[in-house]
Amino acid sequence: MKQLLSGNEAIARGAWEAGVQYASAYPGTPSTEILENFARYPGIRAEWAANEKVALDNAIGASFGGARTIAVMKHVGVNVAADSLMSVSYTGVFGGLVLVSADDAGAFSSQNEQDNRNYARFGKFPCFDPADSEEARQYVGVALDLSEQFRTPVMLRTTTRLSHSKSAVEVSPPTERAFEPLPPFKREKEVTRVIIPAVARKRHPEIEERLRQIAEWAETAPVNRIEWGDKRLGIVTVGIAYQYVREIFEGFSILKLGMSYPLPMKMLRDFAEQVEQLIVVEELDPFVEDQLKAAGIAVAHGKDIFPMCGELTLAKVRAGAVKAGLPVAPIPPAVPPIDEVAIPARPPALCPGCPHRAFFYNLSRQKRKVMIAGDIGCYSMGVLPPFQAMDMLISMGASIGMAHGFKQAGGQEKAVATIGDSTFFHSGMAPLASAVYNRSNITVAILDNRITAMTGQQENPGTGKTLQGQETQEVDITAVVEAMGVKYVKEVDAWDVEAVGKTLKEATAFEDGPAVMVVKGACVFIPEYKPLPRLEVIADQCIACGLCFKVGCPAILKSEEVFEKTGKPKAVIDPLLCTGCTVCAQVCPTDAIVPMESDYMAGR
Amino acid sequence: MTIERLNMLFVGVGGQGVLTASDIAAQVGLDLGLDAKKSEVHGFAQRGGVVESHVRWAPVVGAPICEKGTVDVLVAFELLEAARWIDWLRVGGTVVVNTQQITPMSVSVGDAVYPEKEALLAALRKRAGRVVAVDALPIAEQAGSTRTMNTVILAALSTLLETPPEVWERAILRRVPAKYGEVNRVAFRLGREAAGA
């Protein structure tokens, strides 16, 4: 049966079909749905790890034990896992090991748009690049076979457009399968799974030879294929870029690579010799292009006409081709954009009821006296109006280390680090230990919304639930912080505006090492969040002071009614959006915001 | 009318059901015997940001996203978003627009003004071959749940495309949880009636 599956759903399906029995991941857009989907298949184990390195280490352990396994992460997650990745290439694998790297060309939801194909060359392992969901499903199995045949880790690399596009995949309903334990562990005489210097030195020439053999394999692998057409133009393409190429360059000859490393150089050379002009179309870096040029193959056009930055689109590929005078159809005439009225931007905002709101409201009011280091999560939006309460943000878990470094270098302001619960477990514990050890008076606000929210509500070590939603041991953040020797630790109700403000003042005034406040309140998207009666504004009591607008809630709108004395608009609350969190009511100086009587009576 | 190929762009605001609707529209393409692809961008969308989702039907679909200037039908779940995305439409293309207005933060914090409804509709009419305006929220309420708003919009789209309504209804019912089946069936019927089916 043909079914529409996203690239991520197809990878999950392919992994299950290929007999993967253990998978580990840290959620991150655009990779998250892979493990969520894989977890639904029978006879397997799937887990959220605390971070991407842990996920890969888990997979390496599984592989060394003999199991087929995948580790899944977004592109920047591979940076976290890179230490182990580089070395597992040296040791080699036992059970097939595939690292799924979901790159974010376009940086739709990421801090950069790095091209992780570069890791394949760097780490000397192969990289597969599917072009649609059906290929994504198939390539997982091909990659696992290759991984076992050459005892190498393999990267399966997607970009956002593939991860989040749905296309037709041939599937049948999954059959039942029981989880099989591994065979007894065999300790070998020759140490291969322990990467001490002597082993590394011995292995290095072997992996160079392995790479050469894989390149040979690639020459005849069905994943690389030629679609012959008009030979006046030959296009080498890889991954999702193939989809744009087959539309824009319809009728011309295409060499479609299913893997970007190592390249089938003989096949490419033959293709180049048979076409009049060779061009390369690929997303992000000139990864294939540079390899072709280094091999002495003439490339007429590549990154000189197709953009290096951002994801490719039909429009960008066509525009590049037209500009270079290549034989393609002209750019279609477009409907002009609207210029007679101004179209306001729609920036993302903290959701109505969000447990981060009261904290950022307070932080924005105290921000003149502090420097704020932020972290990756929904609370990154603290940088946006109306709060504008974030001064630096660089990567997962970096807030605490940056705040500490700023202070130790002689920063005169108080330094506040804001970090989420999942991010704290990901990579916030080590920098906190370091700050305690080196005794800086930083303030750390752990915004514990009881879930990994930004990526769509995934469980983490602090939530007490597994990926599958089963009860498990909850790691207590406050207990962890106390055990590290932090002398000021306070939990505070996320929606209590006054208490959050008071705690923040206390914590920033504390001068005996780091002070940690745990701002606790569930994300509105999880069952633990309990909505209250929705609120409404008593118009006669509203003096249009604008304070409630400063809490940055999408449910609070400017009313058409104005306060006569000032001519300023009063507030009104959208009942479709309000969750009754009361943050706005708490900041209202005239008590004009009250629960809706109908909701109150209905017991909401 | 038999549709051979069709480019649709669904746009709206996070939480409006844009992605579910576009999933259903892609499935309808497959059910009509065509190839179909769907592609969405929803990075920060859950937090009230802009959501875009492309749906393409053709005998064989290549790119999962449309090219600017080739969208046959722009399906906008929110009035301002119709205006924001209008330049993706092909010349002579159609806009299906839900006239619901959701105030962006840039407006509620006072940095910008939400344009007049009539001015936006006039600007759309000036550019599109045809504009079909639907006030889907009250129809969804009448059907029994505001959450069926996307079904009402799909009903309007199905009417406009002159495709068999039962294919749409089946795809909708397969996608929504069983307990919301009946309310969606009602919403689909009311939506088609409102669209003049």
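Colleague: Which residue stands opposite Lys38(B) in β2(B)?

Modeller: That's Lys166(A). Keep in mind this is a predicted model.

Colleague: OK, and in what sense do β8(A) and β2 of chain B pair?

Modeller: They run antiparallel, and the pairing covers 2 bridges. The chain B strand there is residues 35-41.

Colleague: Let's zoom out. How many residues are in contact between chain A and chain B?

Modeller: Chain A brings 60 residues and chain B brings 64.

Colleague: And what area is buried between chain A and chain B?

Modeller: About 4900 Å², with carbon and sulfur atoms giving 62% of that. On the chain A side, Val335(A), Pro344(A) and Arg346(A) lose the most area to chain B, together 17% of what that side buries.

Colleague: What does Arg346(A) form with Glu78(B)?

Modeller: A salt bridge, and the closest N and O atoms are 3.1 Å apart. The count between the two chains is 8 salt bridges. There are also 18 residue pairs in polar contact, both partners at pLDDT 80 or more.

Colleague: Which element gives the largest share of the chain A side that touches chain B?

Modeller: α9(A), with 5 residues. Other elements giving two or more include β1 (2-6), α12 (314-323) and β20 (556-563) of chain A.

Colleague: Last one: how do the residues on that side of chain A divide?

Modeller: Into 37 nonpolar, 10 polar and 13 charged.

Note on methods:
Residues are numbered from 1 along each chain as its sequence is written. Chains are lettered from A and ligands numbered from 1 in the order in which they are written. This is a predicted model: local features need pLDDT of at least 70, side-chain atom pairs count only at pLDDT 80 or more; totals for chains, interfaces and linings use all residues. Side-chain values use heavy atoms; hydrogens and water are left out. Contact means heavy atoms within 4.5 Å. Buried area is the accessible area (1.4 Å probe) that two parts lose on being put together, summed over both. A salt bridge is a side-chain nitrogen of Lys or Arg within 4 Å of a carboxyl oxygen of Asp or Glu. A polar contact is a pair of N or O atoms within 3.5 Å; within protein, one must be able to donate a hydrogen and the other to accept it, and residues adjacent in sequence count only if both atoms are side-chain atoms. Helices (H or I, at least four residues) and strands (E, at least two) are DSSP runs, numbered from the N terminus. Ala, Val, Leu, Ile, Met, Phe, Trp, Tyr, Cys and Pro count as nonpolar, Asp, Glu, Lys and Arg as charged, and the others, Gly among them, as polar. Two strands pair if DSSP finds at least two bridges between them.
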